[in-house]
Every structure is written in structure tokens, then in C-alpha cells.
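Biologist: Could we go through the salt bridges and then one of the helix contacts?

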Amino acid sequence: MNIHEYQGKQILARHGVPILRGELANTPEEARAAAERLGGDLVVVKAQIHAGGRGKGGGVKLAHSPEEAEQRAREILGMNLVTPQTGPGGQTVRKLYIEAGCNIAKEYYLGMLLDREVSRIVLMASAEGGVEIEKVAEETPEKILKVWIDPAVGYQPYQGRQLAAQLGLEKDVASKFAKFAGLLYEAYMASDASLVEINPLVVTKSGDVIALDAKFNLDENALFRHKDLAEYRDPYEETPAEREAHEYGINYVSLDGNIACMVNGAGLAMSTMDIIKLAGGEPANFLDVGGGANEEQVTNAFRLLTSDPNVKAILVNIFGGIMKCDVIANGIVNAAKKLSLVVPLVVRLQGTNVELGKQILAGSGLKIIPADKLTEAAEKVVAAAGGAGSSGGG
């Protein structure tokens with residue numbers, strides 16, 4: 001679950017990570033009042049959306065007085081902010097974060113996430129702070145410095161000092177950087193985050209190390225341990241389909257393609273999306289109905305898939321373990337009839353009661369395209385959607 005910058009900074013503050021003073025504002029008048037409380041001579045008015053690159057899109061502006069802060073807030077609130085991470089549709093700005101200014105000497109990047117290849121948290125740093133770190137990683141990967149944290153012992157200060165030395169930080173700043181990294185690790189672990197990024201992490205002219213931004217992605221599977229963090233969810237940052245999926249208890253993310261996917265299991269869902277792209281198609285969504293879906297959930301999943309006007313074909317890829325293939329087949333048939341499904345439907349079933357499931361589909365009277373192998377299913381659904389290279393647009 002993504003959260004806003006101001007929420008991420010609340011987490012950082014609880015763990016002693018150095019941040020600047022700031023306040024949330026929902027109106028221009030609140031922005032002015034916040035600027036007055038923060039000193040007024042220099043504040044930053046920041047759009048709060050779940051995407052990076054806000055500055056380039058006009059969502060981050062300096063203000064040198066409370067009056068100017070109010071004016072900047074009027075310019076940003078309600079705007080459709082388009083960044084490289086929002087896609088061409090952009091995102092409406094409904095909240096602002098008013099933050100005190102500081103004298104920046106240098107900007108850096110610091111982040112951490114789970115490296116699944118080695119089952120360790122990787123701590124990453126770069127002197128290329130304040131820019132799109134994804135672009136840096138793609139074009140100049142050698143500029144991304146990394147150390148891996150042993151889960152048995154946790155973060156060790158020498159690891160922060162090691163990164164600081166590679167970044168060329170002076171001794172006093174390096175010590176503060178190492179302490180900052182340790183506190184960030186505490187915040188990451190305590191919140192069950194899957195990703196934390198500070199971009200930029202700044203060193204001020206007085207030598208302080210401060211988080212100027214905060215991007216958190218929280219593991220939704222761990223939110224039952226964090227009722228307070230679960231309340232950080234902002235439904236306005238989700239598409240209508242994603243909000244509906246949340247109510248159904250279905251894991252769903254909208255994408256830009258035209259081939260809808262319904263799969264059980266996140267790993268299988270990712271593999272299904274990959275093989276659709278390999279076959280020349282573009283997935284329209286990530287949808288994981290889970291390992292114990294019933295007919296009602298299948299119907300709800302189909303309702304989500306068909307609500308996307310870009311969808312030209314649907315691929316159902318189910319491995320029946322706890323979830324039996326005959327139950328899924330009945331759900332597919334009932335959903336297709338109830339929703340008067342008109343787009344082509346490719347179904348691949350494997351696992352428990354698979355033959356019974358296939359019989360149910362074959363005897364349904366519906367125009368269902370069967371497939372036994374995943375590559376076969378991907379090729380069939382791409383063809384049904386109009387062939388390789390086709391796109392749903394948007």
C-alpha cells in the first residue's frame with residue numbers, strides 16, 4: 001500500500017529520523033496559516049499524490065511569504081498533476097504538505113527494499129539525488145551503491161559509514177549519514193514496509209542530514225499488525241476499480257493494456273502478465289483472486305475486469321490447489337452469463353478437479369477458448385485481443 005509523503009514523514013518522525021517541520025493543508029487558507037506557523041520566510045508547497053516527479057509537473061513550489069504560500073496552494077490544489085509515474089491521465093491534487101525550507105548543500109538518494117534473490121534488505125545510496133532514480137539505475141547502474149543487511153544481526157553502523165565513504169562524505173557528515181541509515185532501517189522494519197526511499201536526502205550547509213522527501217510502500221499482508229498504518233490508505237489515489245476491489249477483498253491494480261487477467265496467487269499473476277507481454281500483448285491489470293476464492297468473488301472479479309473499456313480479451317489462469325477447478329469453472333460460467341460477457345475469454349485450468357472443470361466450461365454453451373499450457377493461453381488471448389502490438393490506448 002502506497003502512502004503520502006506527509007504520512008511517511010510521520011513514520012520517520014516516530015523513529016527519530018531527521019525531517020523538517022511541516023503541516024498538512026487541504027485549502028489555500030490552511031496553507032497560509034501553516035506557512036505563518038513555520039516562520040513564513042521560506043516554505044515549500046508540495047502536492048500530495050502517490051507518485052514521484054511532482055516537481056517537474058508543477059506540483060512543488062517555493063513560497064517566500066504566507067501570502068505567496070496561499071497563492072501557490074491555489075495553483076496546485078485541484079490541478080491534474082501529470083508525472084512520469086502517474087501516466088498520461090495524471091492525478092488530481094487534493095492535499096498539500098507545507099514544509100519549512102532549508103539551505104541545501106548537496107542532494108543524495110537513500111533507499112531500502114527486500115532483495116528476494118538473497119533474502120536480505122538491500123540499502124542503496126547514490127550521489128544522484130533529487131532526480132529520477134529509476135533512470136539513473138537504468139543508464140548508469142554503477143552510480144547506485146549497495147550494501148546488504150544480514151537479518152540475523154540487522155543494520156550495522158559500519159555499513160552506513162561504508163556507503164558514506166563511497167559517496168565522498170566528510171567525517172562528521174558521514175557519521176550523521178550512518179546514524180540516519182540506522183534509524184531509517186528501524187522505521188522500515190517496524191512498519192513492515194516493502195520499500196522506503198528518501199529522494200532527496202539532503203546535507204545542509206550546516207552539515208545536517210535530513211529527509212527532504214519520503215516514499216513508503218507498506219506490505220498489505222502485514223497491515224493487520226498496524227491498524228494505525230492501515231488508516232493511511234487514501235481511496236482517492238486509487239482508480240474506481242481498485243476501490244471496488246478493496247471492498248471485495250481482491251488484489252487488483254489497473255494497468256494500461258487491453259488484456260485483462262484473472263489469476264490466483266501473486267506469483268502466478270506476475271508470471272501471467274510477463275508471458276502476455278512475451279507473446280506481444282499488454283496486460284490491462286494485475287488481479288489476484290487469492291487461494292480460496294468462491295463463485296461470488298469470481299463474479300466480482302469479472303465485474304472489475306469488464307468495467308475497463310480498454311479490455312479486448314480476458315485470460316483466466318487458475319491453478320487449483322485449495323481452490324478447486326470445478327468451483328472456478330462454475331463461477332466463470334455464472335459470471336459470464338450474469339454479466340452478458342461479450343469480449344473473448346481464454347481459460348486455462350490446472351490442478352484439483354481440472355477435468356470436471358473443463359467439462360463444466362465445455363458444456364456451458366459459452367464461447368470459451370480453452371488452453372492447457374500457459375504459452376498457448378497467452379498466444380490465444382493476444383490473438384483474440386487483436387494480435388501482437390495492439391494496445392488498449394486510453
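**Salt bridges and a helix contact**

Modeller: Lys358 and Asp372 form a salt bridge, with 2.8 Å between the closest N and O atoms; the term requires a side-chain nitrogen of Lys or Arg within 4 Å of a carboxyl oxygen of Asp or Glu. This is a predicted model, where local features need pLDDT of at least 70, side-chain atom pairs count only at pLDDT 80 or more, and totals for chains, interfaces and linings use all residues. Residues are numbered from 1 along each chain as its sequence is written, and side-chain values use heavy atoms, with hydrogens and water left out.

Biologist: Where in the chain do Lys358 and Asp372 lie?

Modeller: Lys358 is in helix α12 (residues 354-362) and Asp372 is in the loop between β18 (368-371) and α13 (374-384), 14 residues apart. Helices (H or I, at least four residues) and strands (E, at least two) are DSSP runs, numbered from the N terminus.

Biologist: How many salt bridges does the structure hold?

Modeller: The structure holds 23. Among them, Glu23 pairs with Arg37 at 2.6 Å between the closest N and O atoms.

Biologist: Is Arg37 buried or exposed?

Modeller: Arg37 counts as exposed because its relative accessibility is 52%. Buried means under 20% relative accessible area, exposed over 50%, and partly exposed in between (1.4 Å probe, protein chains only).

Biologist: Turning to α2, which of its residues are buried?

Modeller: Pro28, Ala31, Ala34 and Ala35 are buried in α2. They lie on the same side of α2 because they cover an arc of only 120 degrees around the axis, taken from the directions from the helix axis to the C-beta atoms.
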